Amino acid sequence: MSTRRLVVSLLRRRFANRSFNAQKAITLFALGTLFISMLAYYLGALGSWQQGQAQALAQLKTRIALDSSHIGLAYPLLEVPADVELTQAYIEKLNTHLQAQDYPLQLQQIGTTTINSAAAPKHLLLQRPGAGELSIGYSLMPMPLHHGLSVLPLLLSILAALFIWPWFKAMEVKLQVLAEKPEIRVEKKSLLLDLADKSIRYGEHGMRVTLANKPLCFYLALLEFAIEHPTVTLNQNKDVPAELLDLAHKYFSRLIELGHTIRKRPNFSNSLEKTLSEIRAALDEAFTEDGEQKDPYFPPKAHGEGSRSRVHHYGLSITDPSAFEVIGK
């Protein structure tokens with residue numbers, strides 16, 4: 001099975017019970033974009049408003065410092081009394097100037113004594129060389145709600161929705177097509193041994209390879225022996241276990257019943273290496289396209305000292321009965 005078919009199968013299972021509605025998705029996307037854009041715009045406007053307050057306060061301090069000598073303020077050291085009317089007129093004039101410049105700040109009081117007034121929640125002290133400290137009371141204007149609103153976030157969300165809409169629509173169509181297609185089943189392959197035509201193949205659609213009676217029966221016995229006796233070592237310098245021979249004879253009897261042969265039972269202990277070589281050759285053909293799956297089914301070849309090595313084990317490493325299936329058993 002190709003990687004592409006496997007991925008498509010996994011995607012189908014992932015979204016089998018789910019649907020994707022492009023209309024709902026684009027609506028949620030537009031609302032989310034609008035909310036984020038409005039929040040970003042509001043925070044930007046608030047930062048700009050606070051920057052304007054800081055600039056207004058700096059202007060206020062500079063202006064009062066320059067005008068402090070002629071705005072009717074008292075000079076205690078010189079015993080000069082305060083001119084309240086002149087000071088109030090100056091406050092009104094300065095507030096008019098601040099309002100004309102759209103500064104979010106209002107001057108409330110100016111005096112030589114500490115200011116504690118609800119009308120002036122903010123205050124600062126300004127040093128006057130030779131004349132003592134000057135107390136300034138002022139209030140900061142909160143940013144109006146409409147100042148943080150704009151049509152720009154709405155336009156941005158509409159443009160973003162128009163841009164992303166084709167992608168959402170294409171996704172909806174693809175998922176619908178994927179859901180309507182028949183599910184691609186990933187075949188779980190196993191080795192199939194068909195006694196009817198004396199063939200082996202890996203998977204339902206694998207290449208059929210025929211075997212002679214003796215190697216076919218002996219290989220069937222090897223497979224069944226590996227499941228029933230997983231810990232028994234099959235060494236060529238020792239006699240073939242009686243259990244293995246019994247299994248081989250059983251399958252040969254089945255071939256006789258199917259009409260494949262009327263010959264007497266072969267001696268499965270003789271020419272063992274030739275029998276194993278015929279089995280390996282057939283397996284090489286059957287696993288041409290699935291070579292990486294062959295090892296558990298393949299009788300190991302001898303290494304080092306040759307086929308009669310004391311460490312050579314020609315048994316199979318199969319432990320799962322579902323790894324092979326005998327047809328016509």
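Q: Is R280 buried or exposed?
A: In this predicted model, R280 is buried, with a relative accessible area of 4%.

Q: Which side chain does R280 meet in a salt bridge?
A: The partner is E273, at 3.2 Å from N to O. E273 counts as partly exposed, at 28% relative accessibility.

Q: And what does D284 pair with?
A: D284 forms a salt bridge with K294, and their closest N and O atoms are 2.8 Å apart. Since D284 lies in helix α7 (residues 272-286) and K294 in the loop between α7 and β7, the pair ties together parts that are ten residues apart in sequence. D284 is partly exposed, its relative accessible area being 37%.

Q: How many salt bridges does the structure hold?
A: There are eleven. One of them joins the side chains of E224 and K329, at 3.8 Å from N to O. E224 belongs to helix α5 (residues 213-228) and K329 to the segment after β7 (324-327), so this pair ties together parts that are 105 residues apart in sequence.

Q: What about E224 and K329, buried or exposed?
A: E224 is buried, with a relative accessible area of 12%, whereas K329 is exposed, at 55%.

Q: Turning to α3, which of its residues are buried?
A: They are T87, Y90, I91, L94, N95 and L98. Seen down the axis of α3, these buried residues fall within an arc of 135 degrees, so they line one face of the helix.

Q: What covers them?
A: The cover includes α2 (22-67) and β1 (105-111).

Q: Which exposed residues are on the face turned away?
A: That face of α3 carries E85, K93, T96, Q99 and A100.

Q: How far does α3 reach?
A: Helix α3 (residues 84-100) has 17 residues and spans 24 Å from its first C-alpha to its last, close to the expected 24 Å. Just after the helix, D102 takes a positive phi of about 60 degrees.

Q: Where does F20 lie, and what does it touch?
A: F20 is in the loop between α1 (3-14) and α2. Leaving aside residues up to four places away in sequence, F20 touches A25, F168, M171, E172 and L175. The C-alpha atoms of F20 and F168 are separated by 8.9 Å, although the two residues are 148 residues apart along the chain. F20 counts as partly exposed, at 24% relative accessibility.

Q: Which residues form the nonpolar surface patch?
A: The patch is formed by F35, I36, M38, L39, Y42, L43, L145 and L149, with about 810 Å² of accessible area together. L43 is placed in helix α2.

Technical notes
Residues are numbered from 1 along each chain as its sequence is written. This is a predicted model: local features need pLDDT of at least 70, side-chain atom pairs count only at pLDDT 80 or more; totals for chains, interfaces and linings use all residues. Side-chain values use heavy atoms; hydrogens and water are left out. Helices (H or I, at least four residues) and strands (E, at least two) are DSSP runs, numbered from the N terminus. The expected span of a helix is 1.5 Å times one less than its number of residues. Buried means under 20% relative accessible area, exposed over 50%, partly exposed in between (1.4 Å probe, protein chains only). The arc is that of the directions from the helix axis to the C-beta atoms. Contact means heavy atoms within 4.5 Å. Patches are made of residues with over 30% relative accessible area and no salt bridge: like charges are joined within 9 Å, nonpolar side chains (Val, Leu, Ile, Met, Phe, Trp, Tyr) within 5 Å. Accessible areas come from the Shrake-Rupley method with a 1.4 Å probe; for residues, only the protein chains shown count as cover. A salt bridge is a side-chain nitrogen of Lys or Arg within 4 Å of a carboxyl oxygen of Asp or Glu.
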